[in-house]
Amino acid sequence: MEHLGEVGLKRENGDRMCGSEKFFEKETNTTSIEDAVKVLLMGLGEDINREGIQKTPHRVAKALREGTIGYAKSVKEIVEGALFPEGGVEKNKVGDAGGVGGLVLVRDLDFYSYCESCMLPFYFKCHVGYVPSAQRVLGLSKLSRVTNVFAKRFQEPQRLANQVCSALHEGIQPTGVAVVLQCKHIPFPDMESNSLHSNHKGVLGILVSSGSGVFQNKDANLWADFFGLLNFRGIDKDKIIDKGSLDHCWCPSLSSKVSPKNEEMNPAMVTAVASILKSLGEDPTRKELQGTPARYTKWLMNFQCNSIEKALNGSLGSCTNGALKTNGVVGFDEKIHSELNLPFLSQCEHHLLPFHGVVHIGYYISKGFHPIEKRLLQSIVHFYGIKLQVQERVTKQIAETVSALIGGNVIVVVEASHTCMISRGIEKFGSNTATIAALGRFSTDLAARAVFLNSIPKAIYL
């Protein structure tokens, strides 16, 4: 079995490749990923020469290579260069004097990884600690770097925790290592319906842990210290999944219903996804990955192009023909009507990564008209979400569609979290993006805009 810290680029005969060979293989694999992404885009009915997605294959390939760079990293090299002597830390003796020989805990390390079941990024917060021994301690930043090596691979939470724990124990040779991960996964909503339910949650969460040495026993006293230092982080140790008992449906793709339009998968798309996995250094035939190409294809197929009339079953047309009107009274109602916190989910056309959040809609209506039903507004939001999108465009499209129903006086605010903001580039955890489209009176009436914006609640959903 290969040493946990020695995973790297190798030939099939086990020899290390020189720099030029690595570069050639990287370029070849990147081109293969780009070709596969083009197949996926065409399978969705997209024009790969359209300006917005012309460079998408390259961006996706770059993001995936950055997001799985852990396969080429060595834990051993990280740890060996950062072990420092520290007097008073004796091997196999647990101390409690001012941290000498006691628990060292680094909390709230933010990471993302790619779910091996569906290939979508999932976010996790890592808390990792160890009890030093052999009169040496590890540079604190290396706890984060070691975790990142295993995060930048296709993963599932429990195995990720186990690998981090095992690699640190092997590299540091401490009295024990403890790891707790708070993992969050984007949901797979039921795309058959024209809306997301109002109780739809933005993320699905799970807590996992792993321990070695003195932490192998979950009832060990040192675990009490560990959780005592995490109590004010809102972590309930009773909710942590026991090692080896993780429900295999952690990933929502394993339990979500198959929409009728997805029952017959495009075999070319499934093959393309399998080739992406192989180009990234994974084995698509590995047991845990065997169904992944089909599941990722299933996810993508939710974002095919459809006409809005088809998506809303004609309800939009009936409204524009006067379904909202009750009499011939002329003039405007001075009350701002609004629907807040309408959930939505979409797919970034630049990186093929999901973004999700809430939509707030405010509008004035003509006298004699009824307010728009929430069900219809949610359906409009849902329709513009389930396609390859950018947030600026989806905000404008929702505003223009609602404007056609009520005569033009509309304001739309979209608040969203983008997985492309955490899984590539700046890796800015906790950020979210807000966009506004104001039409008619809202485009000129600053007071009206201010009244609506002040009515928007704190973005708990995000």
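Two strands are said to pair if DSSP finds at least two bridges between them, and helices (H or I, at least four residues) and strands (E, at least two) are DSSP runs, numbered from the N terminus. The model described here is predicted, so local features need pLDDT of at least 70 and side-chain atom pairs count only at pLDDT 80 or more, while totals for chains, interfaces and linings use all residues. Residues are numbered from 1 along each chain as its sequence is written, and side-chain values use heavy atoms, with hydrogens and water left out.

Five strands form an open sheet with mixed pairing, in the order E5-E2-E3-E6-E7. Its edges are strand E5 (154–155) and strand E7 (204–213), each of which pairs on one side only. Strand E2 (residues 104–115) runs parallel to E5, and 2 bridges join them. Within this pairing, Cys115 has Gln155 of E5 as its bridge partner. In general, strands of a sheet pair through backbone hydrogen bonds, in either a parallel or an antiparallel sense.

Helix H6 (residues 221–228) lies across E2, strand E3 (121–131), strand E6 (176–185) and E7. The helix runs at about 45 degrees to E6, where axes are lines fitted to C-alpha atoms, for helices over the stretch in contact (heavy atoms within 4.5 Å), and angles run from 0 to 180 degrees between N-to-C directions.

The cysteines deserve a look too. The structure holds 0 disulfides, a disulfide being a pair of cysteine sulfur atoms within 2.5 Å. Cys118 is in no disulfide, and its nearest cysteine sulfur, that of Cys251, is 3.6 Å away. Cys118 is buried, at a relative accessible area of 0%, and Cys251 is likewise buried at 0%; buried means under 20%, exposed over 50%, and partly exposed in between (1.4 Å probe, protein chains only).
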